[in-house]
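Take a moment with the sequence and the 3D view. We will walk through two places, one after the other.

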Amino acid sequence: MQPRVVAILVARNGAAYLARTLSAVGSQTRRPDALVAVDAGSRDDTAAMLAAAAPTQFVTASGRLSFGSSVAHAVHVALPPPTDDDWLWLLGADSAPQPDALARLLGAVEIAPSVAIAGPKLMRSDTPDTIARYGESVTRLGASVLLVENELDQAQYDTLSDVLGVSACGMLVRRSVWGALGGFDPGLPSVDAALDFSIRARLAGHRVVGVPAARIASAGGPELFGRATVSARTTALLRRRAQLHRRMVYARGLAPLVLWLSLVPLAILRSLLQILRKQPGLIGGELAAAFATAFSGSIAPARKRLRAGRKLGWAAIAPLRISSSLARERRAARSTTSEGPRAPTRVRASFVSGGGAGVVLFTAIVGVIVFGPLLGAAAVSGGALLPLSTSVSELWANVGYGWHAVGGGVGASDPFAAVLAVLGSLTFWAPSSSIVLVYLVALPLSALGAWWCAARISSRAWPPAIAALLWALAPPLLSSMEAGQLGAVLAHLLLPWLVLATVAAARSWSAGAGAALLFAVIAASSPILVPALVVLLLVWIAVNPARVVRMVGILIPAAALFAPLVYAQVLRGTPLAVFADPVLPSPSDVATPAQLAIGSADSSVGGWSNLHALFGSGLSGPLVYAILLAPLLLLAIAAAFLPGSSRGIPALVIAALGFATAVAATHLELTTAGAHSVSVWPGSGLSLMWLGLVGAAVVSLEALGRGVALPALVVALTAVIAVSPLLVAPLAGTADIKPTTGTVLPAYVVAEGTSRPNLGTLVLTPQADGSIAATLQRGAGNSLDDQSTLAGTSRTLGASEKSLLTLAGNLASRSGLDSSALLDSSRIGFVLLGDSADHGAASVHERAQDALNGSGTLTAVGTTSVGLLWRYEALPATGLRGGNPDGGAVRAWILGSIGGVFLITILIAIPLRGTRRRTSIATALGERATLGEDDDD
């Protein structure tokens with residue numbers, strides 16, 4: 001008896017493919033006995049096209065049924081009762097069979113009565129000689145795997161027939177088996193529906209075969225049913241949800257309960273794994289699939305359906321499963337292939353033979369010589385710089401949120417505190433030594449970063465070498481180092497690496513995460529750079545719109561670091577205060593815009609303003625400085641007109657943004673130091689400007705070709721001469737920074753304060769205008785990580801500050817007022833009258849000294865290395881050993897959030913690139929099945 005075949009063609013919004021499919025079905029050498037057309041809720045011309053094809057039955061499915069549900073609906077409403085040899089041929093709108101496809105499928109099932117399901121070889125409709133999908137299997141853990149996917153058809157799989165599962169597209173299934181097994185599982189609307197049905201057929205005692213001679217052109221997988229396109233994230237979600245559903249359905253005994261309880265924890269672990277795989281976009285799908293499966297109502301009916309039809313044990317399908325390791329190899333090979341051709345690699349100069357190593361070595365020697373006075377020092381202080389806390393635990397206690405000795409209260413910490421905590425942890429035995437180390441290696445590290453950055457846009461040896469020298473001996477860097485502006489120094493060191501990482505972020509999640517970490521450190525070290533860097537990032541996003549999620553992610557760690565501080569500053573009405581320098585406020589002579597334009601961070605113009613004696617009346621030091629830098633400026637401007645201007649102009653835009661940032665910084669007076677208002681340090685903005693100028697100069701030097709040597713030497717020589725006063729300053733002792741022992745208070749006070757951290761020392765500093773600056777330090781004295789811009793930028797005085805000023809005024813003058821109560825309430829045990837660098841403060845110092853000596857409350861200790869010291873001996877010992885609030889649950893929540901963001905970012909930033917051999921699963925499976933091995937992990 002000849003088998004009766006009913007073709008069921010299901011379509012939803014498939015008008016683009018339907019004409020070809022209908023024509024191919026009508027051209028079969030063995031035509032189906034009936035054609036049932038199903039419109040599954042289309043919004044295009046699909047229904048009209050199906051009706052015009054005059055099928056045997058035309059069914060309109062209400063709602064948006066899945067492919068399997070649409071087939072079940074057609075079988076139920078359109079087909080007569082089954083006979084013993086009825087077959088269903090399942091087709092989609094994009095399934096265009098070759099003329100002999102049905103005949104080949106029937107030929108395979110007629111010679112093997114045990115076969116209940118036969119599947120064709122699916123070919124890509126756009127490239128007919130490529131196998132889209134052929135055969136399916138599962139790993140031991142239930143992950144579905146295509147045996148053959150997107151491979152050129154060279155008849156290499158024409159001997160593979162016994163498979164665990166086949167695709168729904170083109171499946172030929174015995175109708176009685178379809179009815180006995182209940183059709184496709186409604187809990188699997190697309191992905192793995194046919195695989196699950198094939199597994200249940202195997203467990204019911206039937207065979208499933210692939211028929212390689214039967215070919216059907218297909219435009220996509222099951223996830224595309226009714227969709228024009230589907231994203232990789234959606235596909236991953238559908239696959240993961242299908243895997244979890246099948247795992248819950250197939251589990252036996254108490255395993256379903258264990259699996260149910262592990263769904264969400266496992267999703268979290270897999271999310272971390274996706275981070276390591278540089279696929280953070282799949283995290284949402286992992287969690288969504290876990291929750292959807294946990295609360296799905298389709299699992300119980302599916303388990304009941306499986307029990308009703310199963311006749312064999314799971315060992316029956318074991319030889320047809322594949323090992324997880326083989327599946328991973330195949331996925332790795334497919335991932336490598338999907339990356340497509342890489343951009344051509346730019347040939348760059350060798351770091352060693354191209355001069356990079358030589359410049360780094362030269363700048364290392366210069367750095368050791370210039371900052372030689374710091375060799376062997378325990379710490380560096382002066383200008384805006386203070387030593388760090390003496391222990392790593394104290395460093396980390398100042399991160400995020402908590403008690404601040406400066407300001408005496410609980411509040412948001414500066415993001416820079418986290419940078420200092422990491423820096424100090426590198427030399428955990430002596431945290432302040434890390435700053436000494438930064439000063440000693442700053443020049444060679446700057447040269448190294450600049451060389452690699454310049455080599456990214458130059459293939460010659462001269463330009464990167466000159467860029468390294470110019471960046472290492474940049475006036476903004478040397479001025480920042482000598483002024484103690486540690487944040488600006490770190491920003492200068494990291495800016496070239498940020499450029500490299502951000503450029504690479506368009507191609508790599510690891511580079512994007514690395515850029516995010518660098519951006520966070522630079523923003524925390526020098527907040528004034530944030531607006532300019534955000535503008536540049538937005539421009540880069542506009543150039544690479546396809547990578548917008550990855551690019552925007554660069555801002556997330558910095559946003560997490562700044563969130564507590566921004567919230568606190570905005571809440572009290574001082575939003576601009578977030579741009580304050582996170583170092584000790586230190587006054588300096590503000591540079592004019594013209595001075596900023598030639599790279600000078602203050603009015604000294606790189607030290608040349610003090611060299612009048614070297615020049616005649618017609619030539620000033622600043623003018624000489626400008627003349628020396630003119631070759632660099634001219635070379636940078638020329639980049640806009642020479643070949644390579646597409647890189648030169650953006651570099652000049654960076655320079656312009658840096659200059660604008662520096663000018664804006666000089667107009668932001670956010671903190672005070674004694675009687676002086678302190679503006680934001682413009683050195684960071686000048687570093688950004690210098691970065692643009694050096695980048696433009698590299699483009700010009702690259703364009704000069706063989707004539708590069710002379711202009712390169714001129715620029716290098718004049719630039720070195722221009723910074724010579726800055727190089728001499730630390731050796732001459734005229735720089736603000738000095739080597740110290742690691743404390744800012746007298747040793748006598750430090751000895752007392754180390755064991756009593758709440759013991760206060762009132763520091764009085766005479767000012768040139770006749771006033772006295774008063775600060776209160778606790779314990780062993782303030783450290784750099786104690787600084788708080790939240791306290792330093794406050795516009796109002798609290799009760800404690802007013803009390804402190806009252807006390808200072810009474811102590812520094814002969815008021816006759818008994819200050820014991822104020823000293824007790826503020827827990828002050830020492831009063832230190834410091835020396836002032838301001839001229840004209842000597843009379844103030846003398847008057848204050850007389851008043852303190854005449855006080856009956858204080859006892860003179862004597863002269864120390866930092867000033868005159870008095871002691872208040874009647875101070876009660878209560879509350880001096882600690883007990884300050886630490887922020888409680890708020891601090892824990894903030895630290896947990898920041899730590900979570902940075903943990904994820906670091907995991908993404910870690911480069912993991914393994915190499916795997918490319919193995920054909922179908923070939924390996926065929927070999928193992930022949931040997932009768934069970935190769936499950």
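How many bridges join strand β1 to strand β4? There are seven, and the two strands run parallel. Keep in mind that this is a predicted model.

Start with strand β1, which covers residues 4–11. Strand β4 covers residues 86–92. To see how they line up, find R4.

Strand β1 has another partner. This is strand β2, residues 34–39. Six bridges link β1 and β2, and this pairing is parallel too. Look for I8 here. Its bridge partner in β2 is V36.

Now trace the chain between these strands. Helix α1 spans residues 15–26. Together, β1, α1 and β2 form a β-α-β unit, and the unit is right-handed.

Is strand β1 largely enclosed or open? Count its buried residues: seven of the eight. Buried means under 20% relative accessible area. So β1 is largely enclosed by the rest of the structure.

Next, move along the sequence to A655. This residue lies in helix α25, residues 645–666.

Is A655 buried or exposed? Its relative accessibility is 6%. The cut-off for buried is under 20%, so A655 counts as buried.

Which residues does A655 touch, leaving aside its neighbours within four places in sequence? A655 is in contact with L688, M689, G692 and L693.

Methods:
Residues are numbered from 1 along each chain as its sequence is written. This is a predicted model: local features need pLDDT of at least 70, side-chain atom pairs count only at pLDDT 80 or more; totals for chains, interfaces and linings use all residues. Side-chain values use heavy atoms; hydrogens and water are left out. Buried means under 20% relative accessible area, exposed over 50%, partly exposed in between (1.4 Å probe, protein chains only). Helices (H or I, at least four residues) and strands (E, at least two) are DSSP runs, numbered from the N terminus. Two strands pair if DSSP finds at least two bridges between them. A crossover is right-handed if, with the strands pointing away from the viewer, the path from the first strand over the helix to the second runs clockwise. Contact means heavy atoms within 4.5 Å.
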